[in-house]
Amino acid sequence: MEDEVDRLVAAWRRERPDLDVEPLEVLSRVSRLARHLDRARRLAFAEHGLEPWEFDVLTSLRRAGAPYQLSPGQLLTQTLVTSGTMTNRIDRLAKKGLVERLPDPNDRRGVLVRLTVEGQDRADRSLAGLLDQERAILSRLSHGERGELAGLLRQLTAPFDNIPG
């Protein structure tokens, strides 16, 4: 079965036979898949009244386990945004009643961000919706193929995810 990347690669091979365009066969597909996945994610989150960034913050807190709280610094590390952006996000989620700020018992100047019951419910429901979308995307692959693909992608992403600093 031919896809858009096959057509793109064929065109480049015709137009620039002097170049080795083989990387496009893998990475253009990864890029296109990422765009399709982004659309599916936005759909799954919208069904639960969430934006992608809201899902990221809520699920970071949910994954932390009971009592579902983290410091703003820990949230920064998990979501890869600036402290100003995180402050704004926490403010907006607090106004929606999805998180609350609490004093940090270990640091008089610090705060902790905790999921509310509503925040936990939205995180759980939106995760279930996302997994349904992602299962549909992967449905053409066998269990073994999904494992093999996950392993291959891990080999590509691990060096980026483990850069010091």
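**A walk through the predicted model**

L80 sits in the loop between helix 4 (72-79) and helix 5. Helices here are DSSP runs of H or I with at least four residues, strands are runs of E with at least two, and both are numbered from the N terminus. L80 has a positive phi, near 55°, and is a residue other than glycine. Its relative accessible area is 75%, so L80 counts as exposed. The cut-offs are under 20% for buried, over 50% for exposed and partly exposed in between, with a 1.4 Å probe and protein chains only.

This is a predicted model, in which local features need pLDDT of at least 70 and side-chain atom pairs count only at pLDDT 80 or more, while totals for chains, interfaces and linings use all residues. Residues are numbered from 1 along each chain as its sequence is written, and side-chain values use heavy atoms, with hydrogens and water left out.

The peptide bond from A66 to P67 is cis, with omega about 10°. Y68 lies in that loop between helix 3 and strand 1 as well. Y68 is not a glycine, yet its phi is positive, at about 60°. Is Y68 buried or exposed? Y68 is buried, at a relative accessible area of 18%.

Next comes the sheet. Strands of a sheet pair through backbone hydrogen bonds, either parallel or antiparallel. Here 3 strands form an open sheet in the order 1-3-2, with antiparallel pairing. Strand 1 and strand 2 are at the edges, and each has a single partner strand, so one side of each has no neighbour in the sheet. Two strands count as paired if DSSP finds at least two bridges between them. Strand 1 (residues 69-70) is joined to strand 3 by 2 bridges. Q69 has R114 of strand 3 as its bridge partner.

Strand 2 (residues 99-104) is joined to strand 3 by 6 bridges. These two strands make a hairpin, with 2 residues between them. Follow the pairs along it. V99 faces L115 in strand 3. L102 has L112 as its bridge partner. P103 stands opposite V111.

Leaving aside residues up to four places away in sequence, L93 touches W53, E54, V57, L58, L98 and V99. Contact means heavy atoms within 4.5 Å.

Finally, the largest pocket. It holds about 1000 Å³ of space. Its lining has 26 residues, and R29, V30, L33, L149 and L153 lie nearest the centre. Helix 1 (4-15), helix 2, helix 6 and helix 7 (143-161) each give two or more residues to the lining. Helix 2 gives the largest share, 11 residues. The lining divides into 15 nonpolar, 2 polar and 9 charged residues. Ala, Val, Leu, Ile, Met, Phe, Trp, Tyr, Cys and Pro count as nonpolar, Asp, Glu, Lys and Arg as charged, and the others, Gly among them, as polar. On a 1 Å grid over the protein atoms alone, a pocket is an open set of points where a 1.4 Å probe fits, with protein on both sides within 12 Å along at least five of seven lines; lining residues have an atom within 4 Å of a point. Points are joined across faces, edges and corners, and the volume is the space filled by probe spheres set on them.
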